[in-house]
Amino acid sequence: MPELPEVETLVRGAKQKLMGKTIKDVKVAWPKAVGGNVAGFTKTLIGKKIQGASRRGKLIILELSGDVTLLTHLKLTGQLVYEDKSGKLYEGGHREKVLYGAPLPHKFTAVEITFSDGSKLYFNDLRKFGWMKVSDKQHVISNKELAEIGIEPTDKEFTKEKLQELLNKKSKTKIKDFLMDQSLIAGLGNIYSSEILWEAKIAPKRPAGDLKPAEVGELYRAIGKVLEMAIKLGGSSESTYVRLDGSKGNFMDYAKVYQKEGNPCARGDGGKIKREKIGGRSAFWCPVCQK
DNA sequence: CACTTGACCTGTCCGC
DNA sequence: TGCGGACAGGTCAAGT
């Protein structure tokens, strides 16, 4: 999915649009998305008020009244889309296209939440890997989904030293796989791991423990730079991702290597962007500047 | 333990 | 035009 910048963008949207709203009705069209217990899921949510929005890695956390938490994971193709009571999304452009070519709700709407003011929140998911889950606050802390997530790269505690420490711990792991491991650093996925390694001029197959101090510094800098830029641009709409208002993120216009196989490297060093599977996923890099 | 493969789903795109 | 295969932002579990 949606990786950290996309999820962060959605959370910011939720803070703007959803706070204080009371859930009036919940419709579940894809029971698997909520763990099968449609009645329990629905009953827990109805009547609750939205009081907070945050994220942990790629997990979206909505805090509700009554100590209830609604967790959402969008996996590869999930969308969270807000519509006001007149059915309006954002101003202008490609609404049909980004929302799977049909008015909401449609065949990919897994969950539809209606608020007391008539506005709605849709959870759409083409590939149906995403999920929603409710639990009480006490429970969430010990929740496996949350407990096993590594450090937030946007936190102050994430320092160069901390990065070095993690690299030492997983010294034989390929650096691309290292970046994607959610239990080490939270929120990096297939787009940003490739983009970060290009920015840091590090080849994706290098063992994590082999990076020289200067390279660790570059990697640390690249993580911060790429994430900041991606968040600023509202994330990447590579296929189905949209912001809460249905509009697309703009980071793909600035991507240097992801999905750029065969293109000349943006550094102008004469390298041609390569693609190869690493850890089962396509990695993209420039063989000239990434050492 | 690390690493790979398949599963979960549906769609798009490319080559023949 | 049709068909088959590869591929797609993510995690899990099982096998080697």
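**Entry 1: terms and model**

I take a salt bridge to be a side-chain nitrogen of Lys or Arg within 4 Å of a carboxyl oxygen of Asp or Glu, and with that criterion I find 14 salt bridges in the structure. I note that this is a predicted model, in which local features need pLDDT of at least 70 and side-chain atom pairs count only at pLDDT 80 or more, while totals for chains, interfaces and linings use all residues. Residues are numbered from 1 along each chain as its sequence is written, chains are lettered from A and ligands numbered from 1 in the order in which they are written, and side-chain values use heavy atoms, with hydrogens and water left out.

**Entry 2: chain A as a whole**

I looked up the secondary structure and found nine helices and 10 strands in chain A, where helices (H or I, at least four residues) and strands (E, at least two) are DSSP runs numbered from the N terminus. The radius of gyration, taken over C-alpha atoms, is 20 Å for chain A, close to the 19 Å that the globule rule gives for 291 residues, so the chain is as compact as a globular protein of that length; the rule itself is 2.2 Å times the number of residues to the power 0.38. Along its principal axes the C-alpha trace spans about 55 × 40 × 30 Å.

Buried residues (under 20% relative accessible area, with exposed over 50% and partly exposed in between, 1.4 Å probe, protein chains only) make up 53% of the 291 residues. Of the contacts (heavy atoms within 4.5 Å) between residues at least 6 apart in sequence, 62% join residues at least 24 apart.

Side chains of opposite charge can pair when their charged atoms come close. I began with Glu152 and Arg55, which form a salt bridge whose closest N and O atoms are 2.7 Å apart. This pair links distant parts of the chain, since Glu152 sits in the loop between α5 (144–147) and α6 (160–169) and Arg55 in strand β2 (residues 50–56), 97 residues apart. Glu152 counts as buried at 8% relative accessibility, and Arg55 counts as buried at 12%.

Next I looked at Lys162 and Glu165, whose closest N and O atoms are 3.5 Å apart in a salt bridge; both lie in helix α6, three residues apart, about one turn of the helix. Lys162 is partly exposed at 25% relative accessibility, and Glu165 is partly exposed at 46%.

The side chains of Arg221 and Glu199 also meet in a salt bridge, at 3.2 Å from N to O. Arg221 lies in helix α9 (residues 213–232) and Glu199 in helix α8 (residues 190–200), so the pair ties together parts that are 22 residues apart in sequence. I find Arg221 partly exposed at 36%, whereas Glu199 is buried at 12%. Salt bridges that share partners also join Glu8, Arg12, Arg55, Arg56 and Glu152 into one network.

**Entry 3: cysteines**

How many disulfides does the structure hold? With a disulfide taken as a pair of cysteine sulfur atoms within 2.5 Å, I count zero. The sulfur of Cys286 has its closest cysteine sulfur in Cys289, at 3.7 Å, which is too far for a bond. Cys286 is buried at 0% relative accessibility, and Cys289 is buried at 12%.
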